[in-house]
Amino acid sequence: MSSSTLLNDTGMEAPMTRSAAAFLREKRVVPGGSMRHASWFPPHPPYAARGEGCWIIDLDNRRILDCANNFFSLAHGHAFAPIVSALTDAIARGTAFGLPMEGEIALAEALAARNPRLAHTRFCNSGTEAVMAAIKGARGATGRHRIAKFEGCYHGSYDHAEVSLESRPEEWDDASGNPASIAYAKGTPPAVLTDTVVLPYADADRCAAILKREGPTLAAIILDPQASKAGMVPMPAEVIAAVKEACARDGILLIVDEVVNFRLGFGGISPLFGLEPDFVTLGKIIGGGLPVGAVSGPAERMAVFDHARGKPKVALGGTFSANPLTMAAGLASLTHYDEPAVARLNALGGALRQRVNQGLEAAGLPCRLAGAGSLFRLHLGARKIVDYRSARPLPAEAEALPRIHAAMLAAGILLTPNCSGALSTPMGEAQVAQIAEALVRATIAEVRA
């Protein structure tokens, strides 16, 4: 919606679009008029009617180039023919059983073939569930209950994983100058904050000092070495080294969250950073567009979930875990996301970042497009982005980013509300050029306004 669009007394476009009407209808039965806070933006998002490859067609029959890809979960865009075919075959045989099926074996085998650290897998229904299970697994294996995570990093909506997710500058540091444990949701139990140690993403010395003090009490450290919420920039090698040293010294288990970043390498992101995790949490692209989560790891670590000889140390299951539809779609997704496909998509992402950054530099703007492989995120301002604190938009930037997002949507391109995105395999050089041109134009217009 442009700033010149006439608004009626509901705050919606006049005349009313079909998406606006759907939003008003949903508000009557859904808090906030949307099922997800993360994907909502004012006055309302367009409502999708269907998808075709890298395109969404909304209720008003507008074609939108989809760079959000359901928050990076779609490697192949929409209605990918092999996934549709696999789902059609699977649904004809039944949607849910109280018995195991061969599909769960096949998808677990596909993961193990990509990375030996994924030797054993248990499936669940979301990345949040996967993180919860991995943390419980680490607690069961070590007999300890505290965990450590990095400031500003998102690992789902589990209480402990949410600590210091969006802390404000005035509450960043504790009395010792270390990152403070700050609740994200109202009503978070105080014990959650006591049991969660917060680490700095880009300060190796401070990270090492905290871990030396707290390490003997920790069951696990969870990290994402290219965390989107921390700026979509790589964790420094020195910080990773400090984590490895602490894990070896104090018997802490390492959980690598690859829910988002598994797409960056054929075997995931851990090998790219020299990590050998005890547990890996997975989701998004391994479900082929259906709800999915997974905990993977070496057999000796995953044995904590083994129920074959009686009650396991940690029980992990669910009514719809490893459901046949997700297993079929996930296998089709991974089968066609082979090494050449990963390399091609990563190269397109590199070309996109280069084109955008060259355009911004030529315009004399102190902005840049960060990211890795097929993922990208726009940062405004001249400061170097190294972690959550430096990536957190300044007040003027926080006001500008939604306007850039709106300008991109007006140009027919959907980003996530914080101006990040992911490419999909139906995209090619033409789409990269389209995205780059629009993003440079929108950023220049906003920054110079």
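Predicted model: local features only at pLDDT ≥ 70, side-chain atom pairs only at ≥ 80, totals over all residues.

**Stop 1: helix 8 against helix 9**

Now show both helices whole, residues 204-214 for helix 8 and residues 237-250 for helix 9; they pack at an angle of about 15 degrees, and their axes are 8 Å apart. Angles under 35 degrees count as roughly parallel, so helix 8 is roughly parallel to helix 9. Their crossing is right-handed.

**Stop 2: zoom out**

The chain has 15 helices and 14 strands. Along the principal axes, its C-alpha atoms fill a box of roughly 65 × 60 × 45 Å. How does the radius of gyration of the chain fit with a compact globule? It agrees, because a compact globule of 449 residues would have a value near 22 Å, and the chain has 22 Å.

Colour by burial if your viewer can do that: 53% of the 449 residues count as buried.

**Stop 3: helix 3 against helix 11**

Next, select residues 81-91 (helix 3) and residues 324-335 (helix 11), which pack at an angle of about 155 degrees with 8 Å between their axes. Are these two roughly parallel or roughly antiparallel? Anything over 145 degrees counts as roughly antiparallel, and helix 3 and helix 11 are therefore roughly antiparallel to each other. Helix 3 passes helix 11 in a right-handed crossing.

To see who does the touching, show side chains for Pro82, Ile83, Ala86, Leu87, Ala90 and Ile91 on helix 3, and for Pro324, Leu325, Ala328, Ala329, Ala332 and Ser333 on helix 11. The contact of helix 3 with helix 11 has eleven nonpolar residues, one polar residue and no charged ones.

**Stop 4**

Select arginine 263, in the loop between strand 8 (253-257) and strand 9. Is arginine 263 buried or exposed? Arginine 263 counts as buried because its relative accessibility is 0%.

Now bring up what surrounds it. Setting aside neighbours within four places in sequence, arginine 263 contacts Phe72, Leu74, Ala75, Ile285, Tyr337, Val342, Leu345, Asn346, Ser374, Leu375, Ala422 and Leu423.

Leaving out residues up to four places away in sequence, threonine 425 touches Ala75, His76, Tyr337, Arg344 and Leu345. Threonine 425 lies in the loop between strand 14 (420-422) and helix 15 (429-447), and it is buried, with a relative accessible area of 17%.

**Stop 5: threonine 128**

Another threonine to pick is threonine 128, in helix 5 (residues 127-142). At 17% relative accessibility, threonine 128 counts as buried, the cut-off being under 20%. Beyond residues up to four places away in sequence, threonine 128 touches Gly156, Ser157 and Tyr158.

**Stop 6**

Most residues other than glycine have a negative phi, and most peptide bonds are trans. Here are some places to look for something else.

Select proline 42 and proline 43: the peptide bond from one to the other is cis, with omega near -5 degrees. Proline 43 sits in the loop between helix 1 (18-27) and strand 1 (48-52).

Then go to asparagine 69, in helix 2 (residues 69-72). Asparagine 69 has a positive phi of about 50 degrees although it is not a glycine, and it counts as buried at 0% relative accessibility.

Finish at lysine 284, in the loop between strand 9 (279-283) and strand 10 (293-297). Lysine 284 is not a glycine either, yet it has a positive phi of about 50 degrees. With 23% relative accessibility, lysine 284 counts as partly exposed.

Note on methods:
Residues numbered from 1 in each chain as written. Heavy atoms only, no water. Axes fitted to C-alpha atoms, helices over the stretch in contact; angles between N-to-C directions. Helix = DSSP H or I, 4+ residues; strand = E, 2+ residues; numbered from the N terminus. Parallel < 35°, antiparallel > 145°, perpendicular 65-115°, else oblique. Left-handed = near helix turned anticlockwise from the far one by under 90°. Buried < 20%, exposed > 50% of the residue type's maximum accessible area, 1.4 Å probe, protein only. Rg over C-alpha atoms; globule rule 2.2 N^0.38 Å. Contact = heavy atoms within 4.5 Å. Nonpolar A, V, L, I, M, F, W, Y, C, P; charged D, E, K, R; others polar.
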